[in-house]
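I opened my notebook for a first look at this structure. Here is what I looked up, entry by entry.

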Amino acid sequence: GSITKGKPVIVRTDGDFAQVGLQPTSTTNTGAFSQGSLQSILTYDGDLFSMAVSSDGLTYGFFATHTSQTQKVVIGTRVSGANTISWGTPLIISSSQGTKTVISHNDEENVFVCTYSKGSANFYYATAVSYSGNTPTAGAEVEALSVGASAGVGQNQSSCYQKDIKANVIVAQGGATNNSSAYLSASVLTCSGTTITVGTRHEFSSTTNTGWNFINIAGLGNSKIAMYFRDTSGYPTITIASISGTSFTVGTTVIINSAGGDRAYPCYNPTFPDKFIIGGAIFNSGPLSYCGVSLNGLVPTISNLSNGNVSPNNAYIETGGTMTVYSNYSGQYCFVYSTSDGNYNSCYRFATSTDGTTLTVGAEVKTTSFGASQYYAGACCSDADGFVTENHNDRSNVNDYACYTFQPTFSYTITVSAPNLTASNLLGFAQNTVSDN
């Protein structure tokens, strides 16, 4: 290759030399379809629960309302390539009743972060949870957001991990300063182990009042988050915010569909830093749909909006986490949901994309063997081996929180760039420019 005078070079053991730089390396990941059995996690006690997975793709956190209206976290572990999770003993995070329990993983500190409400107080709280195997240890609870009396608290909060700022973020309806449900509030939750430091609360108004219990957020590239919510006109909308330290810069709210919509969930694929998709009920009628979103700074442009372009059949969509996930190991998106035909069977579909906004959606897999009455489907996805874990309320024979783990058939090539320095090479500087050696 070419080298430039004065630039650092490596000298190989055979005497050849090359410019110091990044060397592209391609790896092809493969997998065959596999689906595990239905597993019980806890006795069911409340809707809008959630699950998250660690950065190694093998440790899971499940957060839900449990017996006596306490809010509990359970840690599970899985062996790579296996479709069974070993769940531990639940740990009480809060002894007060909550209405939406959200969990995300902080990859920098290897802790799960739980966000929740307690009773009717006008606050949302957060607790970080470390783990050893499937044994959890909770840190001190912090007040994550104060949202004002006019908004109250309930199902209208969401949180996620933002990898670029290495912190978690919470967004909720309401503003303590403006005391108005027409505002959203947000704060950055920075972890040091299980100690959470809460950044300055940021309040921003929406184009119209935000809806009730439809806020769902996701971390994007370039220190941004996507915030989905439905306004009081019933229109699904999207707003982008960028974060610097603990400060927010918020873009303009864009209406996705002026014909009305319901719950939907942003999903980010890091292959396309300025694009993402939104999956869910982005139309008022029953089918499951997606749309693509392209960003120009903080301005989103919507594409591929079509009713039922994931599943043309009616679907039941509602979760405290997300029902739209992506694995950078398999290169596959996955949508989880329940049929809305009276049976409420648990279903899923995989999808792929070559441009970050257009999906090729696969056939529906309906898990009729798990029985009917499977509600509130959510999911998380492993970047270690491509397995998806679905979680839901199983009311077929029992009434509990349940999950099952599966993976698609895939062959996905990832190209990464790494420095070409190795322990066997010597480092020097070029005395001359050479076009090829």
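**The core.** I started with the largest nonpolar core, which has 31 residues; Leu-288, Ile-317, Cys-334, Phe-335, Val-336, Val-388 and Phe-406 touch the most other members. Such a core is a set of buried Ala, Val, Leu, Ile, Met, Phe, Trp, Tyr and Cys residues joined through side-chain atoms within 4.5 Å. I noted that several strands each supply at least two residues of this core, among them E26, strand E28 (287-296) and strand E39 (410-419). E32 gives the largest share, five residues. Helices (H or I, at least four residues) and strands (E, at least two) are DSSP runs, numbered from the N terminus. In soluble globular proteins, nonpolar side chains tend to be buried together.

**How to read this.** This is a predicted model, where local features need pLDDT of at least 70 and side-chain atom pairs count only at pLDDT 80 or more, while totals for chains, interfaces and linings use all residues. Residues are numbered from 1 along each chain as its sequence is written, and side-chain values use heavy atoms, with hydrogens and water left out.

**Phe-335.** I listed its contacts (heavy atoms within 4.5 Å). Leaving aside neighbours within four places in sequence, Phe-335 is in contact with residues including Ile-277, Leu-288, Met-323, Tyr-348 and Leu-359.

**The whole chain.** I found zero helices and 40 strands in the protein chain. Of its 437 residues, 54% count as buried; buried means under 20% relative accessible area, exposed over 50%, and partly exposed in between (1.4 Å probe, protein chains only).

**Cysteines.** How many disulfides does a search of the whole structure find? It finds zero, a disulfide being a pair of cysteine sulfur atoms within 2.5 Å. For Cys-381, the nearest cysteine sulfur is that of Cys-334, 6.9 Å away. Cys-381 is buried, because its relative accessible area is 12%. Cys-191 is buried too, with 7%.

**Arg-263.** Is Arg-263 buried or exposed? Arg-263 counts as buried, because its relative accessibility is 12%. I found it in the loop between strand E25 (254-255) and strand E26 (264-268). Its side chain makes a polar contact with the side chain of Glu-318 (3.2 Å). A polar contact is a pair of N or O atoms within 3.5 Å; within protein, one must be able to donate a hydrogen and the other to accept it, and residues adjacent in sequence count only if both atoms are side-chain atoms.

**Thr-249.** My last stop was Thr-249, in strand E24 (residues 247-250). Thr-249 and Leu-298 are 49 residues apart in sequence and 8.7 Å apart in space, C-alpha to C-alpha.
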